[in-house]
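Visitor: Could you take me through this one, with the cut-offs spelled out as we go?

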Amino acid sequence: MAALRALGATVYVGHAASHIAGADTVVVSGAIRPGNPELVAARERGITVLLRAEALATLLVGRRSVAVAGTHGKTTTTSMLTVAAQHCGVDPSFAIGGDLNEAGSNAHHGSGDLFVLEADESDGSFLAYGPHAAIVTNVEPDHLDHYADGAAVDRAFEQFVRTVDRSGFVVLCADDPGAVRLAGVARGEGIDVRTYGTAGHADLRLDALATSGSTSRYDAVLRGRRLGAVQLVVPGVHLARNSAAALLAGIGLGLSEGLLIEGLGGFTGVRRRMEFKGAAGGVRVYDDYAHHPTEVRAQLVAARGMTGGGRLVAVFQPHMYSRTAAFADSFGDALGLADEVVVMDVYGAREDPIPGVSGGIVAAAVPLPAGQVAYEPSWSTVPELVARRARPGDLVVTLGAGDVTQVGPEVLRLLRGDAT
């Protein structure tokens with residue numbers, strides 16, 4: 001809010017009909033409920049109301065846009081493509097769901113014609129963009145508060161690829177079953193499809209993929225031609241795949257293969273994507289936005305490779321009651337990859353509570369001995385609980401899309417013995 005005020009914006013805390021006085025347009029996110037007083041007043045007064053995606057789409061007019069979609073990996077892939085393009089001497093506009101470490105911001109108005117944006121499927125509004133090109137990292141059931149079932153999610157992504165300009169292309173992951181199905185649909189529509197992954201049939205193949213601690217590497221092979229080694233300073237097989245998506249899209253945009261690879265090597269990450277928060281008492285603390293079982297599993301696999309001789313302590317806050325109800329068992333199974341697990345209560349976001357749905361049903365599904373799993377519904381109790389469980393050499397990772405991100409600094413404060 002301070003940054004927006006510094007740029008000249010008037011910022012209100014809280015919602016009131018009086019705030020829209022003099023407004024020509026009201027832009028709303030998918031989290032805004034129909035009864036919001038500002039939205040109600042806008043409709044009563046005949047003021048134009050746009051979804052966030054519709055407003056963003058107006059900025060794409062006249063630009064060569066690349067929309068990055070997928071159930072997981074959108075933010076990192078969008079960020080990687082942005083950083084790699086910048087290394088090629090391009091000044092792209094970008095709109096990302098997280099702050100780039102390099103830029104310290106999630107958005108920028110560039111001087112070139114390229115616009116890279118994260119395309120969120122959660123409410124179906126990613127159909128508004130009509131991009132020149134698109135990336136789809138994967139397709140899995142999620143956001144079942146909006147979509148009836150997994151088949152409805154599939155149909156939404158099919159509609160999304162159909163919005164891509166026929167002079168452009170779509171980049172899809174050859175390792176993901178949902179994306180592979182989508183590739184078949186896109187090809188049937190006459191869309192230029194380009195694939196990446198470890199699969200032998202991928203157009204851009206990650207050969208000799210290996211991870212070590214907080215780094216990963218692979219040899220990029222494009223239709224049998226070796227482009228060179230991609231060396232990343234971010235951990236995990238999933239991030240290596242994301243970098244391959246960015247590389248293939250960048251090549252499709254006509255950017256230098258060598259400079260793209262160099263740029264990816266300099267990518268240091270995104271806020272809340274395995275972000276290092278600090279160390280105290282021999283304990284390292286990281287924070288990650290993972291809020292779907294596949295994401296939790298991928299991050300814990302990556303974190304396991306960084307533990308050394310210590311234990312992995314996972315602190316998970318479920319996000320949204322509908323997602324928790326749908327995936328409680330899968331969350332529990334994924335969290336079983338840790339040595340110690342603390343489950344918080346559900347961060348409801350835009351949803352009202354569902355009877356019987358809490359963090360307790362996730363904790364009950366974790367396949368670890370009872371002494372290694374705790375369900376703690378009181379947010380204020382969690383940092384102390386984690387600090388007591390952590391030992392020198394351990395790696396603690398906080399996981400979730402809600403205010404769990406504030407737990408890590410509190411754990412570090414307790415481990416340091418700070419009074420305040």
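Guide: What follows is a chat about strands, cores, a pocket and a few single residues.

Visitor: Before we start, what am I looking at?
Guide: This is a predicted model, in which local features need pLDDT of at least 70 and side-chain atom pairs count only at pLDDT 80 or more, while totals for chains, interfaces and linings use all residues. Residues are numbered from 1 along each chain as its sequence is written, and side-chain values use heavy atoms, with hydrogens and water left out.

Visitor: OK, which strands make up the open sheet, and in what order?
Guide: The open sheet has 10 strands in the order E5-E4-E6-E3-E7-E8-E9-E10-E11-E12, with mixed pairing. Strands here (E, at least two residues) and helices (H or I, at least four) are DSSP runs numbered from the N terminus, and two strands pair if DSSP finds at least two bridges between them.

Visitor: Which are the edge strands?
Guide: They are strand E5 (107-108) and E12, each of which pairs on one side only. Elsewhere in that order, strand E8 (residues 169-173) and strand E9 (residues 193-197) pair in the parallel sense over 4 bridges, and cysteine 173 has tyrosine 196 as its bridge partner in E9.

Visitor: Switching to E18, is it buried or exposed?
Guide: Strand E18 (residues 395-399) is largely enclosed by the rest of the structure, because 5 of its 5 residues are buried, where buried means under 20% relative accessible area, exposed over 50% and partly exposed in between, with a 1.4 Å probe and protein chains only. Leu395, Val397 and Leu399 point one way from E18, Val396 and Thr398 point the other way, and all are buried.

Visitor: And what does E18 pair with?
Guide: Strand E14 (residues 283-288) pairs with E18 in the parallel sense over 5 bridges, and there aspartate 288 has leucine 399 as its bridge partner. Strand E15 (residues 312-316) also runs parallel to E18 and is joined to it by 5 bridges, with alanine 314 partnered by valine 397.

Visitor: What about the cores?
Guide: The largest nonpolar core has 45 residues, and those with the most contacts inside it are Val171, Tyr196, Leu204, Tyr218, Leu227 and Leu247. Helix H7 gives the most to this core, with 9 residues, and a second, separate core of 30 residues includes Leu56, Ala95, Ala119 and Phe160. A nonpolar core is a set of buried Ala, Val, Leu, Ile, Met, Phe, Trp, Tyr and Cys residues joined through side-chain atoms within 4.5 Å.

Visitor: What does H3 pack against?
Guide: The buried residues of helix H3 (residues 52-59) are Ala53, Ala55, Leu56 and Ala57, and they pack against strand E1 (25-28), strand E2 (48-51), strand E4 (93-95) and strand E6 (114-118). E1 and E2 pair in the parallel sense over 4 bridges, and E1 has a covered face, Val26 and Val28, and an uncovered one, Thr25 and Val27.

Visitor: How much space lies in the second largest pocket, and what lines it?
Guide: About 380 Å³ of space lies in the second largest pocket, the volume being the space filled by probe spheres set on grid points that are joined across faces, edges and corners. On a 1 Å grid over the protein atoms alone, a pocket is an open set of points where a 1.4 Å probe fits, with protein on both sides within 12 Å along at least five of seven lines, and lining residues have an atom within 4 Å of a point. There are 15 lining residues, of which Gly14, His15, His19, Val27 and Glu38 lie nearest the centre, and E1 gives the most to the lining, with 4 residues.

Visitor: Which residues have a positive phi without being glycine?
Guide: One of them is alanine 208, with a phi of about 55 degrees, placed in strand E10 (residues 204-212) and counted as partly exposed because its relative accessibility is 45%. Phi of alanine 349 is also positive, near 55 degrees, and alanine 349 is found in the loop between strand E16 (340-344) and helix H11 (359-363).

How values were computed
Contact means heavy atoms within 4.5 Å.
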